Amino acid sequence: MSLPSMFDTNRDGKPDRTILLIAFFLITSAVLLVSHNGPLLEGLGSAGQFLKNPITEAFFVSLFLANILFAYLWKAAPWARALVGVASLLIVLPWAGREDTSLLDLSIQIMIFAALALGLNIVVGLAGLLDLGYVAFFAVGAYTWGIFASPRFAEILRYYGENPGATNAGTLAIGLFLTVVTAASMVYINRLTSRQAPTATSTWSFRLAAFGLVAGLTLAARATIVLMSGQAEGLANGIDPGFFWLFLALSVLAAAIVGVLIGLPVLRLKGDYLAIITLGLGEVIRVLANNLDLYTAGSQGITPIRSANVPWFNSLAGALGFTEDQHYLLFLYVLVLIVVGVILLVNVRLDRSRIGRAWIAIRDDEVAAQAMGVPLVQTKLIAFATGASFAGIMGMIFAAKQTFISPESFNLFQSIGVLSMVILGGMGSFPGVILGAAVVTLLNLRILPGLGEATANLGIPQQVNPGQLQRLIFGIILVAMMLLRPEGLLPNKRRTLELHHEDNQEDDSVDGNAGALGNTGAEVYSAGVAPAKHEDNAGGRK
Amino acid sequence: MDLATLLPFLVNVIVGGLVLGFVYAIIALGYTMVYGVLQLINFAHSEVFVTGAVVGFEVFRVLNGVEMNGYLKLLIALLAAMLVSGGLNVLIERLAYRPLRGAPKLVPLITAIGVSLILQDVLRVIEGFQGRFDLTYTLPNGFANKFCAAESTCAPLGNFLRGVGIDMQLKDVILVVVALISLAVLNYIVNRTRMGKAIRAVAQDRVTAGLMGIDSNRMISATFLIGGALGGISGVLFGMKFGTVNAYSGFDPGIIAFTAAVLGGIGSIPGAVLGGLTLGVIQNLIGVTNILGMVVGSENLGAIDASYQRIGAFIVLVLILIFKPTGLLGKSNVEKV
């Protein structure tokens, strides 16, 4: 499977729109550049005032972003589509962002949420596990970097310097020894059980070793912190920003580990139970962030958090005419762009891999999938960990961008926001999910506040100010999409079949009797569309 | 602190937990009834319940200037809350859940979350127009007093409570009495009436119930009506117990009540009550661990404060679901393939 095939879905019979696409791109780019150029707007007088209006501005930004969508959707010459996509993201947006930093900021936010939505899409859209605590992984990533790259780290070192307990080099040695021994025995037991059936003894010794591993790591970590406590003054502003790249990997790892830890006990549950328990565990992580004052500074939050130090990029940005304070934003923009690209690529590859088909099998019918030899827990755990790791890396970038994190950024409402992106775009459909993220983020950050500002002088009471109605609007998105178009704006073909197969069948669900089959109500029909599904499962192109 | 002072204190903590538990139990019934019939977690129930609390607040506010017996005011508040919440719940079912019957389970669940978000903002806007956010209950005179202030005014029950050292407010006693009456009425409706029989039949097997001439849609509406009415009652009781309510305050009690329903075995009515009472007591005990810490002489226990109560509920939920997913009184549900 070659990469271009992911952009090349079936578009036969549509007229060629190359010229339209290029024209649209040129016009919207020009409007975007003009409407974000302060001095130029001054000169335009009343037309400039109109362009500066928050609503028109939001409208033009949306139109511009629609370019990328059209480049994906329309039938056009491949070079034109590639050109529009690349030029929009790499030339026009940064160029406009040079005049108006908030545009860069907005694009970064959109991409952060796009990555989150892509991660949640794996869990909900592909594997069918409704996770309402997804933002917890985002928090893990954010705090992983936030604690180390801020004055918080020095505080922790100082605390342990004053309360060393019995920790010294000896404890470190014991901790490391314990870690190595238990890790080795875990690997050994694992090898053993892969050859012969696990016995009660092997299971228990594995658990014991796992416990020992945690203990060893804790001892080693604590001893390291105590031994490092002398450095507290030198690290008053956090660790060296050069560690950013290491932590980029670590945050992925940390979030994935937390995903597995949360997943292990709860993934035996299904449907609503899983939803409510993930909601609960998400809240637990938030409450912990709120209460572990030493590590997370509680509800005050951690600030300032450093970003990476990239001198060569700064000089490049300087050469391109960006001012000093825009450098880090441009850097983050490029970084997020690359990361989202990688995540998208990973997603597409995973979707078409064995594991992706296993996820879809589990989503469609868990029992049948198990009967076909799909290892349930393992497959679900991989979905959880993959989704979590995307959230982890974006959490870290989010922390670096905001330079401030507090537990309030990671509440249930955020989780539901990401969920509504996935649902709006279409569960299981990658371009759809990105579209959903863009629409919801634009709505939240530009359109609603813009409407709020515009209506401020119209005498509309403060209570119904659109800027305040986020919950209402999210709620309406969720309900309306479920009632009218459950497959989302840019549906996944396979998913559409599944949600609408009743339309083509003899249907007894109309008078409310289909659900009587209880848990199996929806799945019972899947036999009828099996051939169609089979075709789709076989791969991307037909 | 020695045992002689600790024991009455613990008894009071447990009694307080039971009172709280009755509120949770009545909310949990709203979840459990809907789940029993539709196998759907009605996420919007926490907002239905807050709506009841808001209606109760408004009734008390309006009636406050009127010269009237306090119990009559409470009765009016309860009836109004039952009516509004019950009606709202039926409306939600009609508009949001009924069109989705037979869709994959994820679909109505997400709809329920959406409905819950919509209701939160609608409530906030409605109350916001009057310039209110936190609604402080003004109860009729005397409701917040000790159940029996002086020995001369004590009824026999009051004397008994005093004798064993239980310290209750009048509103707590009213709360327990109202909860018990609602439980008795619910029990009567579900187990003794034709409608209750029909509801149970629909819960068991909708197709067969339909073949027997039961209009399953009407019975589902009836279930939502009863569940909503219970939500209304619990809203008023919650407002009485905690004093303040706002549009977003349904989340915490909602999640605890859901935990209670699962703990007891979701779909089982006695289970919901048992679960509610258990969680109420657990929650109150977590709230006082700092005092226990003083007793044991450990300072670390003091660090576990009220903000961990919510975590407590979730940990209980995780443990139940891992070790006994059917709950304490639930029946196991064999999945047919």
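## Backbone features in chain A

Pro304(A) is placed in the loop between helix H13 (293–296) and helix H14 (311–319) of chain A; helices (H or I, at least four residues) and strands (E, at least two) are DSSP runs, numbered from the N terminus. The peptide bond that joins Thr303(A) to Pro304(A) is cis, with omega about -10°. The model is predicted: local features need pLDDT of at least 70, side-chain atom pairs count only at pLDDT 80 or more, and totals for chains, interfaces and linings use all residues. Residues are numbered from 1 along each chain as its sequence is written, chains are lettered from A and ligands numbered from 1 in the order in which they are written, and side-chain values use heavy atoms, with hydrogens and water left out.

Ala297(A) also lies in the loop between H13 and H14 of chain A. Although Ala297(A) is not a glycine, its phi is positive, at about 60°. Its relative accessibility is 9%, so Ala297(A) counts as buried; buried means under 20% relative accessible area, exposed over 50%, and partly exposed in between (1.4 Å probe, protein chains only). Thr403(A), in the loop between helix H18 (376–402) and helix H19 (412–425) of chain A, has a positive phi near 55°. Thr403(A) is partly exposed, at 28% relative accessibility. Most residues other than glycine have a negative phi, and most peptide bonds are trans.

## Salt bridges

Over all chains, 15 salt bridges are found; the term denotes a side-chain nitrogen of Lys or Arg within 4 Å of a carboxyl oxygen of Asp or Glu. In chain A, Glu99(A) pairs with Arg98(A) at 4.0 Å, N to O. Glu99(A) is partly exposed at 38%, and Arg98(A) is partly exposed at 27%.

In chain B, a salt bridge of 2.8 Å, N to O, connects Glu58(B) and Arg132(B). This pair links distant parts of the chain, 74 residues apart: Glu58(B) is in helix H2 (residues 45–63), and Arg132(B) is in the loop between helix H4 (106–129) and strand E1 (135–136). Both Glu58(B) and Arg132(B) are buried. Asp121(B) and Arg124(B) form a salt bridge with their closest N and O atoms 3.1 Å apart. These two residues are separated by about one helical turn, because they are 3 residues apart in helix H4 of chain B. Asp121(B) is buried, with a relative accessible area of 1%, and Arg124(B) is buried, at 10%. Salt bridges with shared partners join Glu58(B), Arg61(B), Glu127(B) and Arg132(B) into one network.

Glu57(A), in helix H4 (residues 54–73) of chain A, is buried, with a relative accessible area of 14%. Not counting residues up to four places away in sequence, Glu57(A) touches His36(A), Leu51(A), Lys52(A), Asp100(A) and Arg446(A), where contact means heavy atoms within 4.5 Å.

Val288(B) occupies the loop between helix H11 (269–287) and helix H12 (289–296) of chain B. Val288(B) is buried, with a relative accessible area of 14%. Its contacts, leaving aside neighbours within four places in sequence, are Phe9(B) and Val13(B).

## A positive patch on chain B

Arg192(B), Arg194(B), Lys197(B) and Arg200(B) gather in a patch of positive charge on the surface. Such patches are made of residues with over 30% relative accessible area and no salt bridge, with like charges joined within 9 Å. Helix H7 (residues 194–204) of chain B gives the most to the patch, with 3 residues. Arg192(B) is in helix H6 (residues 170–192) of chain B and is exposed, with a relative accessible area of 64%.

Technical notes:
Patch = residues over 30% accessible without salt bridge, like charges linked within 9 Å, V, L, I, M, F, W, Y side chains within 5 Å. Areas by Shrake-Rupley, 256 points an atom, 1.4 Å probe, with all protein chains shown as cover. Lys, Arg positive; Asp, Glu negative; His and termini not counted. Charge placed at Lys NZ, Arg CZ, Asp CG, Glu CD.
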